[in-house]
Amino acid sequence: MPADVNKGASLFKTRCAQCHTLGAGEPNKVGPNLHGVFGRRSGQAEGFSYTAANVNKGVVWEVDTMTEYLENPKKYIPGTKMAFAGLKKLGDRQNLVAYLKEETSK
């Protein structure tokens, strides 16, 4: 079943927007601005202070890695300071990642 970008937008608003921004030039919050995240290595957003765990993970954020990460961030990157517990439902993660992919590349 194809991902639902509108459901992803709703998930972002309720679960992510308090800590992350998406648009080019928007400020970092508690978490980094996610503009341009796809194709970028973990721990590389300009002007954001990451844990060594994020920097050293060296994962390149793509649809599959982001989908896996968002299931359980602390398991995927032990030592991350991201407080988000994750999204257990695959459909929720796919919807969110589809929205992120669209919004962070504008």
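View 1: Which is N33 here, buried or exposed? N33 is buried, at 9% relative accessibility; that label takes under 20% relative accessible area, while over 50% is exposed and anything in between is partly exposed (1.4 Å probe, protein chains only). Before zooming further, keep in mind that this is a predicted model, with local features needing pLDDT of at least 70 and side-chain atom pairs counting only at pLDDT 80 or more, while totals for chains, interfaces and linings use all residues. Residues are numbered from 1 along each chain as its sequence is written, and side-chain values use heavy atoms, with hydrogens and water left out. N33 sits in the loop between helix 1 and helix 2; helices are DSSP runs of H or I with at least four residues, numbered from the N terminus. Setting aside neighbours within four places in sequence, N33 has contacts (heavy atoms within 4.5 Å) with T21, L22, G23, E26, P27, N28, R40 and A45.

**View 2: G36 and F38, in the loop between helix 1 and helix 2.** G36 counts as partly exposed because its relative accessibility is 33%. Its C-alpha lies 5.4 Å from that of T104, although the pair is 68 residues apart in sequence. F38 is buried, with a relative accessible area of 15%.

**View 3: the largest nonpolar core and M66.** What makes a core here? Take buried Ala, Val, Leu, Ile, Met, Phe, Trp, Tyr and Cys residues and join them through side-chain atoms within 4.5 Å. The largest such set has 21 residues, and those with the most contacts inside it are F12, W61, M66, Y69, L70, L96 and L100. Helix 1, helix 3 and helix 5 each supply at least two of its residues, with helix 5 giving the largest share at 4 residues. M66 is in contact with V37, F38, W61 and V97, leaving aside its neighbours within four places in sequence.

**View 4: aromatic pairs.** A pair of aromatic rings is described by the distance of the centres and the angle of the planes. Rings of Phe, Tyr and Trp (its six-membered ring) pair if their centres lie within 6.5 Å; planes under 30 degrees apart are stacked, over 60 edge-to-face, and the rest tilted. Across the whole structure there are 5 such pairs. F12 and Y99 have ring centres 5.8 Å apart and planes at 45°, so this pair is tilted. It ties together distant parts of the chain, with F12 in helix 1 and Y99 in helix 5, 87 residues apart. F12 is buried at 8% relative accessibility, and Y99 is buried at 13%. F48 and Y50 make an edge-to-face pair, at 4.8 Å centre to centre and 75° between the planes. Here too both partners are buried: F48 at 17% and Y50 at 19%. W61, Y69 and Y76 form one aromatic cluster.

**View 5: V59, in the loop between helix 2 and helix 3.** V59 counts as buried, at 10% relative accessibility. It touches R40, R41, S42, T65 and Y76, not counting residues up to four places away in sequence. L70, 11 residues from V59 in sequence, is 13 Å from it in space, C-alpha to C-alpha.

**View 6: the largest pocket.** This pocket holds about 550 Å³ of space. A pocket is an open set of points on a 1 Å grid over the protein atoms alone, where a 1.4 Å probe fits and protein lies on both sides within 12 Å along at least five of seven lines; lining residues have an atom within 4 Å of a point. Grid points are joined across faces, edges and corners, and the volume is the space filled by probe spheres set on them. Of the 33 lining residues, H20, G31, P32, Y69 and M82 are closest to the centre. Helix 1 (5-15), helix 3 (63-69) and helix 5 (90-103) are the elements that give two or more residues to the lining. By class, the lining has 19 nonpolar, 10 polar and 4 charged residues; Ala, Val, Leu, Ile, Met, Phe, Trp, Tyr, Cys and Pro count as nonpolar, Asp, Glu, Lys and Arg as charged, and the others, Gly among them, as polar.
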